[in-house]
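Dear colleague,

I am handing over the structure that we spoke about, and below it you will find my notes on what turned up in it. Please read them with the model open beside you.

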Amino acid sequence: MEIVATVLYGLDIAILISFQFLNRDYRLLSHAFSEYGLGRTAHLFKVYVIAGCIAAPLLAWQFWSAGYPLAISVYLLLVALGRLGVGLFPVDLPDVPRTTSGTVHHAATLMAFGCAFMAVTEATPILSASVAGMSGNLLVVLKHLISLGFFAVGLTISLPMYRFFGLAERLFLYATALWFLTATLTLPPL
């Protein structure tokens, strides 16, 4: 199972990177990542969503099987549920009236981001302490980047700072995907 989760999180990272090259109509600094779910990259965005919806429960199972606090697994299951909502309900583009789909999309994004942040915050001290060397240190560094990204997303979601939202969101998404990948490789095999 951990091999599948590892492959899926690796795929997540590859897709995150590929979007920057496949759709150059979206500016890296300002466009929300979910906008890749519209237009010519919509099919690849669905693959990204599905990969995360499968990988998060597998990682939750890894944490639960290793005896970690149940809250970590619950947060990861909620991440999967949030990502499912992100995939099912398209985002509203900027400068268009808000739709029900866009509102649900934003709520699902908040749930996915918040629960990912909580899972990482809960798991990092325990997991990094149980791992010697570089993996433990990498988890701690990534946790700090995730915290910075989470804070930056909160700051840039408002209009005066929105032009930097894409950068903040990408910091959070890349760091989180790398943390999840490192965790799947670090946890004991099932």
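I begin with helix α6 (residues 165–186), whose 22 residues should span 32 Å at 1.5 Å a residue, and whose end C-alpha atoms are 31 Å apart, which agrees. The expected span of a helix is 1.5 Å times one less than its number of residues, and helices here are DSSP runs (H or I, at least four residues), as strands are (E, at least two), numbered from the N terminus. Of the 22 residues of α6, 17 are buried, so this helix is largely enclosed by the rest of the structure; buried means under 20% relative accessible area, exposed means over 50%, and partly exposed lies in between (1.4 Å probe, protein chains only).

Please keep in mind that this is a predicted model, in which local features need pLDDT of at least 70 and side-chain atom pairs count only at pLDDT 80 or more, while totals for chains, interfaces and linings use all residues. Residues are numbered from 1 along each chain as its sequence is written, and side-chain values use heavy atoms, with hydrogens and water left out.

Helix α1 can be checked in a similar way: its 21 residues should span 30 Å at 1.5 Å a residue, and its end C-alpha atoms are 29 Å apart, which agrees. The buried residues of α1 include Y9, D12, L16 and F19, and among the elements that cover its buried residues are α2, α3 and α6, where contact means heavy atoms within 4.5 Å.

L127 itself touches F63, Y68, L139, W179, A183, T186 and L187, if residues up to four places away in sequence are not counted.

There are also 16 aromatic pairs in the structure. Rings of Phe, Tyr and Trp (its six-membered ring) pair if their centres lie within 6.5 Å, and planes under 30 degrees apart count as stacked, over 60 as edge-to-face and the rest as tilted. F19 and Y36 form a stacked pair, 4.7 Å centre to centre with 10° between the planes. This pair links distant parts of the chain, since F19 is in helix α1 (residues 2–22) and Y36 is in the loop between α1 and α2 (42–65), 17 residues apart. F19 counts as buried at 0% relative accessibility, and Y36 likewise counts as buried at 0%. W61 and W64 form a tilted pair, 5.1 Å centre to centre with 35° between the planes; being 3 residues apart in helix α2, they are separated by about one helical turn. W61 is partly exposed, with a relative accessible area of 40%, and W64 is partly exposed at 46%. Elsewhere, ring pairs link Y9, F63, Y68, W179 and F180 into a cluster.

Which residue lies over the face of Y48? That residue is R83, at 4.1 Å from the ring centre, and a charge sits over a ring if NZ of Lys or CZ of Arg is within 6 Å of the ring centre and within 35 degrees of the ring normal. R83 lies in helix α3 and counts as buried at 12% relative accessibility; its contacts include D12, Y48 and C53. D12, found in helix α1, counts as buried at 1% relative accessibility, and its contacts include Y48, A51, G52 and R83.

A search of the whole structure finds 0 disulfides, a disulfide being a pair of cysteine sulfur atoms within 2.5 Å. The sulfur of C53 is 13 Å from the closest cysteine sulfur, in C115, which is too far for a bond. C53 is buried, with a relative accessible area of 17%, and C115 is buried at 10%.

Finally, P94 lies in the loop between α3 and α4 and is partly exposed, with a relative accessible area of 37%. P94 and H31 are 63 residues apart in sequence and 8.8 Å apart in space, C-alpha to C-alpha.

With best wishes
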